[in-house]
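Keep the sequence and the structure in view while reading.

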Amino acid sequence: MSFYAPPPAPKLTLPAAMATVHRDPDWWWKCLLHGAVAITAIGLPLAAGFVIESYDNSRKGYPTPLPPWSDWVNRWLSGLFALLVDFAFFILPLLIGALLLICLSVALLIAGITAPDEIARAVFGLVGLIGLFEFVMFMCSVSPVGRIMFVREGQPEQALNPAILRYTVMSSARGTFLRARLASLLAYLPASALAILLAFILPLTFPGQLIAVIVLIWLIASTIVYAHLVTTQLYVAAERIALPGA
């Protein structure tokens with residue numbers, strides 16, 4: 001007779017996700033540490049790998065403590081694959097949109113359209129479409145679901161499959177993933193507030209401005225790491241609801 005019982009599915013709520021992260025008494029300095037690492041180009045995959053490792057531990061029933069500072073090589077590689085998911089679904093479409101914007105500008109010049117109002121309407125229309133596409137991709141949870149597939153399958157190509165978009169939009173799980181995405185939005189408010197503060201002080205000139213800017217960038221990166229950890233717990237709950245037995 002087996003006495004093993006699977007861990008109960010966590011609640012798909014922001015307070016429950018935050019409480020899980022906060023159960024590790026060292027959560028704050030781990031966020032600060034990986035935030036400092038994230039602001040360097042070479043260290044960004046380490047921060048992303050930290051979040052991926054937290055997700056992997058959580059889906060196995062060990063959400064806390066958060067992963068220790070160890071095994072840098074594997075963490076860097078898993079973080080790099082996670083960033084490739086974001087690149088494929090968010091950065092690459094932006095680059096394509098920028099290329100289309102250049103092509104549109106050239107086409108307007110060739111067509112002899114020089115009226116500022118007409119050019120502005122065409123440019124803003126294209127920019128609006130690009131922004132709408134990015135918003136839809138974000139709300140559809142394409143990146144988190146791609147990371148779920150990467151952790152579950154251990155194969156990067158599974159996470160980069162365009163079928164993920166169809167799955168998040170058309171499957172019965174879309175409502176659950178949408179709940180997780182909506183709940184996660186509040187987790188990014190501290191980073192947003194700090195970014196607004198940074199934008200406010202950048203045009204100013206005062207003693208110690210450079211230090212203040214560096215500290216703010218560090219804190220923004222750290223709060224984003226924290227938001228990703230909270231979002232991870234939300235999607236752990238979403239996966240167990242939408243994909244029972246996964």
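## Contacts of L234

In this predicted model, L234 is in contact with L12, T13, L14, A17, A180, A183 and S184, leaving aside its neighbours within four places in sequence.

## Nonpolar cores

L234 also belongs to the largest nonpolar core, which has 42 residues. Together with F177, L229 and V230, L234 touches the most other members of this core. Seven helices are listed here because each gives two or more residues to the core: α1 (14-22), α2 (27-38), α3 (44-59), α4 (72-110), α6 (142-153), α9 (174-184) and α11 (209-242). The largest share, 11 residues, comes from α11.

Another core lies apart from this one and has six residues, including L198, I201, L216 and I220. As a general background, nonpolar side chains tend to be buried together in soluble globular proteins.

## How α2 meets α11

Two packed helices are described by the angle between their axes and the distance between the axes. For α2 and α11, the axes come within 7 Å and cross at roughly 120°. Angles of 65 to 115 degrees would count as roughly perpendicular, and those over 145 as roughly antiparallel, so α2 is oblique to α11. The crossing in which α2 passes α11 is right-handed.

On the α2 side, the contact is made by W27, C31, L32, H34, G35, A36 and A38. On the α11 side, W218, L219, A221, S222, V225, Y226 and L229 take part. The residues of this contact divide into 11 nonpolar, three polar and no charged.

Definitions and conventions:
Residues are numbered from 1 along each chain as its sequence is written. This is a predicted model: local features need pLDDT of at least 70, side-chain atom pairs count only at pLDDT 80 or more; totals for chains, interfaces and linings use all residues. Side-chain values use heavy atoms; hydrogens and water are left out. A nonpolar core is a set of buried Ala, Val, Leu, Ile, Met, Phe, Trp, Tyr and Cys residues joined through side-chain atoms within 4.5 Å. Buried means under 20% relative accessible area, exposed over 50%, partly exposed in between (1.4 Å probe, protein chains only). Helices (H or I, at least four residues) and strands (E, at least two) are DSSP runs, numbered from the N terminus. Contact means heavy atoms within 4.5 Å. Axes are lines fitted to C-alpha atoms, for helices over the stretch in contact, and angles run from 0 to 180 degrees between N-to-C directions. Angles under 35 degrees count as roughly parallel, over 145 as roughly antiparallel, 65 to 115 as roughly perpendicular and the rest as oblique. A crossing is left-handed if the near helix is turned anticlockwise from the far one by less than a right angle, and right-handed if clockwise. Ala, Val, Leu, Ile, Met, Phe, Trp, Tyr, Cys and Pro count as nonpolar, Asp, Glu, Lys and Arg as charged, and the others, Gly among them, as polar.
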